[in-house]
Amino acid sequence: MSKMDVGTAGREDLSLGREIAERINALAAISEDPANITRIFLTSEHRAAADLILGWMRQAGMAAHIDAIGNVCGRYEGERPGLPALMLGSHYDTVRDAGRWDGPLGVITAISCVADLHRRGLRLPFAIEVVGFADEEGVRFASTLLGSRAVAGTFDEAVLGVRDMTGVSLGEAITAFGLDPDHIGKAARVRGELLAYIELHIEQGPVLEQEDLAVGVVTAIAGATRLAARLTGMAGHAGTVPMRLRRDALSGAAECIGVIEEFCRTDQAGLVGTVGYIHALPGATNVIPGQVSFTIDMRAPTDMHRRRAVTDVARQIEAIAKRRDLALQIDVTHENRTAPCAPWLKAQIADAIAAEGFRVFELPSGAGHDGMAMIDIADVGMIFVRCRGGISHHPDEHVELADADAGARVLLRLIENFRPQAGGK
Ligand code: GLV
Ligand code: MN
Ligand code: MN
């Protein structure tokens with residue numbers, strides 16, 4: 001913790017942090033592969049995790065259910081039933097070979113805060129809702145934020161027909177999970193029902209650690225564009241086709257990847273680009289690759305900068321494909337604009353951080369979050385919690401117990417002192 005910390009910092013009683021860490025470990029044990037953490041949207045592990053979260057919500061005094069896209073939704077009534085709600089949430093799906101904190105920390109911390117209110121018999125002048133969003137990472141169906149989009153009423157029904165790598169459509173996966181895709185519309189909330197959406201999440205970067213701070217106030221969530229590219233050339237014999245006569249799709253993709261890296265590396269304004277997935281066909285040592293699919297993820301501090309960069313990169317890829325006589329298909333699978341956090345929520349988060357004895361520090365989020373979808377129906381605020389070494393989307397992702405506790409204290413203080421925006425929407 002920061003040497004400047006006063007208040008609850010350095011407290012002996014880390015009971016909230018301890019409960020959170022235990023539950024983080026319990027969720028981490030639910031994985032496709034016991035050797036690592038992989039909990040992909042609408043799989044049997046995902047279902048088991050949803051059921052565990054559902055039970056924790058009920059123990060915390062909430063009425064809870066799983067909605068038609070797989071979000072786990074809990075509601076703790078206020079001083080009287082039916083009041084508008086402060087919504088808290090994060091996601092419980094993971095990337096492949098994930099860390100244990102990305103997503104679950106926000107869900108579990110919110111539940112622990114409600115459980116604390118419940119133990120004290122405290123009802124507030126508003127309801128609290130906690131949502132464990134089903135799909136933030138977008139690993140299975142390319143499109144991200146499917147859970148929060150359903151809640152925000154912006155779910156695109158066309159996505160139900162999208163198939164995963166094994167040929168299962170989203171609609172079929174929802175049915176196999178035990179839910180009815182025809183009911184997704186019922187998950188949607190409207191603006192007046194929610195006072196705000198607040199998410200607590202690990203920072204996933206090194207800034208809070210550098211600042212020697214356990215928590216921070218998020219200013220905005222950076223926008224992102226994801227593309228799916230496919231290059232088609234001609235498969236052939238690796239021994240007989242001279243180099244000058246080849247239409248090698250994988251060599252073309254390699255050149256594209258080099259161009260993307262160079263373009264982003266030489267950008268002076270924070271552009272980042274990643275090719276995180278590539279698949280070559282037919283996939284044999286002695287066959288020239290005839291077709292290659294790969295993804296591109298691009299982010300920048302401003303939407304205008306990102307959009308221009310995506311256009312420039314796409315033009316360069318087109319030029320490479322043309323020169324190599326490869327057919328190119330390039331599709332935008334996901335486009336999220338930058339989501340600014342609401343000034344009135346940043347101010348209340350800052351007050352809660354200061355009241356817990358921490359220096360108030362603001363930072364942007366380079367990672368995407370469910371708030372990017374929720375902003376369509378509610379003002380959004382975010383609290384970041386320090387993670388060790390800034391490591392995330394990696395099994396070494398780690399949050400110290402004291403920092404998990406600090407995050408929970410800040411969230412609890414925020415909830416208890418929460419003032420809906422005057423003349424709110
Ligand atoms: C989610 O973690 C993202 O930023 O891609
Ligand atoms: Mn996350
Ligand atoms: Mn993530």
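Q204 is placed in the loop between β5 (194-202) and α6 (207-211). This description rests on a predicted model. With a relative accessibility of 17%, Q204 counts as buried, because the cut-off for that class is under 20%.

**Ligand 1**

The residues that surround ligand 1 are E136, E137, R226, R299, A367, G368 and H393. By class, this shell divides into four charged residues, two polar ones and one nonpolar one. Oxygen atoms of ligand 1 come up against polar atoms of the protein at R226, at G368 and at H393. The table gives the distances.

| Residue | Part of the residue facing an oxygen atom of ligand 1 | Distance |
|---|---|---|
| R226 | N or O atom in the side chain | 3.1 Å |
| G368 | polar backbone atom | 2.6 Å |
| H393 | N or O atom in the side chain | 3.2 Å |

Taken alone, ligand 1 exposes 190 Å², and the protein buries 92% of that area.

**Aromatic pairs**

The structure holds four aromatic pairs. One of them joins F41 and F141: the ring centres are 6.2 Å apart and the planes stand at 90°, so the pair counts as edge-to-face. Planes over 60 degrees apart fall in that class. F41 belongs to the loop between α1 (15-28) and α2 (44-59), while F141 belongs to the loop between β4 (127-133) and α4 (146-152); the pair therefore ties together parts that are 100 residues apart in sequence. Are these two residues buried or exposed? F41 counts as buried, at 1% relative accessibility. F141 is buried as well, with a relative accessible area of 3%.

Elsewhere, ring pairs link F126, W344 and F418 into a cluster.

**Charges over rings**

Technical notes:
Residues numbered from 1 in each chain as written. Chains lettered and ligands numbered in written order. Predicted model: local features only at pLDDT ≥ 70, side-chain atom pairs only at ≥ 80, totals over all residues. Heavy atoms only, no water. Phe/Tyr/Trp six-rings, centres within 6.5 Å; stacked < 30°, edge-to-face > 60°. Helix = DSSP H or I, 4+ residues; strand = E, 2+ residues; numbered from the N terminus. Buried < 20%, exposed > 50% of the residue type's maximum accessible area, 1.4 Å probe, protein only. Near = heavy atom within 4 Å. Polar contact = N/O pair within 3.5 Å; in protein donor to acceptor, adjacent residues only side chain to side chain. Areas by Shrake-Rupley, 256 points an atom, 1.4 Å probe, with all protein chains shown as cover. Nonpolar A, V, L, I, M, F, W, Y, C, P; charged D, E, K, R; others polar.
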